[in-house]
Amino acid sequence: MTSPLQQKLKINGSSVVTANRTWDGVVVYRTAAKGWSADLADAAIVRNSDEAKTLLAEAVADDVGAIGPYIAPVQVDEAGKILPGNLREQIRRDGVTIDLPV
Amino acid sequence: MYAYDEIDRTLVNERVSEFRDQVQRRLSGELTEDEFKMLRLQNGVYLQLHAYMFRVAIPYGTLASNQLRQLAHVARKYDRGYGHFTTRQNIQFNWIKLSDLPDALADLAEVGIHAMQTSGNNMRNVTSDQWAGVAPGEIEDPRIWSELIRQHTTLHPEFSFLPRKFKIAITASDHDRAAIKVHDIGLRLIKNEKGETGFEVLVGGGLGRTPFIGKTIKHFVHGRDLLSYIEAILRVYNQYGRRDNIYKARIKILVHELGIEKFSREVEEEWQHIRNSSLQIDDEVIEDIRSRFIYPAYEKLPHMPDELRQAAADPDFEAWRKNSVAAHKNQGYSIVTISLKPIGAPPGDATAEQMDALADLADKYSFGEIRVGHEQNLALPHVAKRDLPALWKALDKLGLATPNVNLITDIIACPGLDYCSLANARSIPIAQELTRRFANHELANLIGRLHINISGCINACGHHHVGHIGILGVEKNGEEVYQITIGGRADESAALGNLIGPGVKFDEVADVVEDIVEAYLALRERPEELFVDTVKRLGVEPFKERVYATR
Amino acid sequence: MPLVNGGKIADDSFVKLAVDTPLPEGGDILVPAERFLSDADALLKRAGKVGVIWPNNRDIAELVPYLGKIAVVALVFPNFRDGRAYSQARLLRERYNYRGELRATGQVLRDQFVFMLRAGFDSFEVKKQADAEAFMQTAKRYSVFYQPTGDGRITALHRRMQLRHSEGVGT
């Protein structure tokens, strides 16, 4: 698989870096404070490919904390709230779209 | 039921201990993810959208009741109380934590269950017919050979870093329930004129982005040569399979690029060097493996017991019996398929409670044995006919008696975008809606045998290429769009489906399937003509017209 | 990068030469395949041992005429996921009866030691110091082996046969 560092980065609007926490797999977002948070509200927002590359490289280096980081699109509404930018990120934030058996 | 001995258990425990050390080195940072990823894959640990996913091996789809109970225990203790049975006879848990995995594996090892090589570029679960050992007309139990291959391919020092994953399937019946024609190696168990056991060997089948039907590389390989012949195929693949592009790395591509004649010459040349080596299987070894398969002490039972005769008055029981109960090779017994496709639910899931209850039912009615089929249903392989009414009542209470086996609502679906990080579109909600549209059992029976397969991306884990109706989810401009094929088959007449037209949106898929079914009902020559045969007879056009007339 | 030989960290007497590095006077050298094949006689005549670094995408059979004369065959794992050298190693040991030192180079991590030993490797250029130090302990990790290789370890199938026969004795 192509390393995220080698993929062409196309930033349309706002994006975040997201990954899964190493010890339990929970969805996390890269924060401006060089950490990981499970809350999308804490995610650092990047708006161009240089910013994205830097944030991503930092995330990739921190694989003790989280794995499989990549750039994900978000939408920021008028109130400044960060929302998932596509269906996949919505599912990652909210969970499966179906009822679980239990 | 194959009984693990001290030797098998030791290996599983050594593996657990190694993985515990690897997880510890990962969590401490001593191993990077790049170094660890292949190691965790070799123990069945994937990363999905929300969490890790843990794929546990169920060798050739056979489970003992205590093993099923332990799977329930893992679901309860380490996951969210349910598991998902897969198209390769394995089980997946979707919410597992990496830090819990060594303990989960240790718990499973207690009952001889492991997760070795359920992922990664190595040799995966050897799958077989879920009716192996009990199907009428079966030549001999293919699971003995599956077990020989399983042992040979487990932690094989030469073939643990192949160009890509490698899947083997084996059947011993005329009707192929193991889909051997779409496997990297497919084995059809046959006898030669002397009555000796051997195999027709097919190679290079597979679905995914470039589907191929397997080609026969050798018409008869004697049983004693099976392992050396497989070794020869693997050695050629290991050396010449592509390593530059993961989408061109399966053996099917190598076979396609070399051509089957050249490929088989390469294999033959290699095989001549090793056929008379220690890889040759002695009769004694085969007998030893065979002796460790425990077969039930069947009673002499009547063909039509009173209990069955009396229960025939109950139309619900009869509907289930006609649908889910199949003939057994021994008089007085049946093979019971347990549908994991209740109307409105995700296909192939079972809760921990259902698993525990099923383990108890297996003890009571099936000599403690359960099977897993690649259509994501389960089976109880040794049920006395007189027990069918009591079993049905119990299954019905558990929601495990939907009489839809092989019907349109018996859908095979991959986890799709709800779970899987490779997916482009969701598959489970599509399956759920389809079961609701065709929930009426009379309608489903009127339609007859019809397999719908749904994949959420072109990796085709739902086997959509070989679905009678195949549904492939793709992404277009941020939306989920579905391409629909018809006429595929996974069995001994394996064929790939044909596209009926442009993709349709999420909300339209169920309508389109209804249109296709309507077209079939109008066009079939007689009620017994199966959907897939009508498609073969008439081609795609009439269905395309019906579907796209108003779209 | 520590060399493990004879089960422990050892000095490496072999100097790796590139295609055009001048030949040292004496001493042991490891040369790439191209260089060796084009100059085999001269290289084998000089004082000091010669070893060959063989790429994993080249037919090992080309080296067969020289196997009795070279001291080391170094096979390559460009990354640990590329398993072609396992096949080359087994062919060297089991088909061509190579008896010299068989060295694993490239990306060699402790998690491959057992596989490599079974395939016939006996020396290892190990990526990490900690892995090299853990070699003996890691090599003992498994005691059960299902399939036969040239390493002479008894397979599970045959161990069962032995047990069966010994149970039969005395009854």
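Residues count from 1 along each chain as its sequence is written, while chains are lettered from A, and ligands numbered from 1, in the order in which they are written. In this predicted model, local features need pLDDT of at least 70, side-chain atom pairs count only at pLDDT 80 or more, and totals for chains, interfaces and linings use all residues; side-chain values use heavy atoms, with hydrogens and water left out.

Q: How do you know which chains touch?
A: Contact means heavy atoms within 4.5 Å. There are 2 pairs of chains that touch, and chains B and C have the most contacts. Chain A and chain C do not touch, and their nearest C-alpha atoms are 12 Å apart. The B and C contact takes 50 residues from chain B and 37 from chain C.

Q: What does "bury" mean for chain B and chain C?
A: Here, buried area is the accessible area (1.4 Å probe) that two parts lose on being put together, summed over both. For chain B and chain C that comes to about 4100 Å², 53% of it on carbon and sulfur atoms. On the chain B side, Ile7(B), Pro157(B) and Phe161(B) lose the most area to chain C, together 19% of what that side buries.

Q: Why is the meeting of Arg25(B) and Asp131(C) called a salt bridge?
A: Because the rule asks for a side-chain nitrogen of Lys or Arg within 4 Å of a carboxyl oxygen of Asp or Glu, and this pair is at 4.0 Å, N to O. The count between chain B and chain C is 13 salt bridges.
Which helix gives the most to the side of chain B that touches chain C? That's H1(B), with 11 residues.

Q: How do you know how confident the predictor is about chain C?
A: pLDDT is the predictor's confidence in each residue, from 0 to 100. Chain C averages 93, and 98% of the residues score at least 70. The model itself scores ipTM 0.95 and pTM 0.94.

Technical notes. Helices (H or I, at least four residues) and strands (E, at least two) are DSSP runs, numbered from the N terminus.
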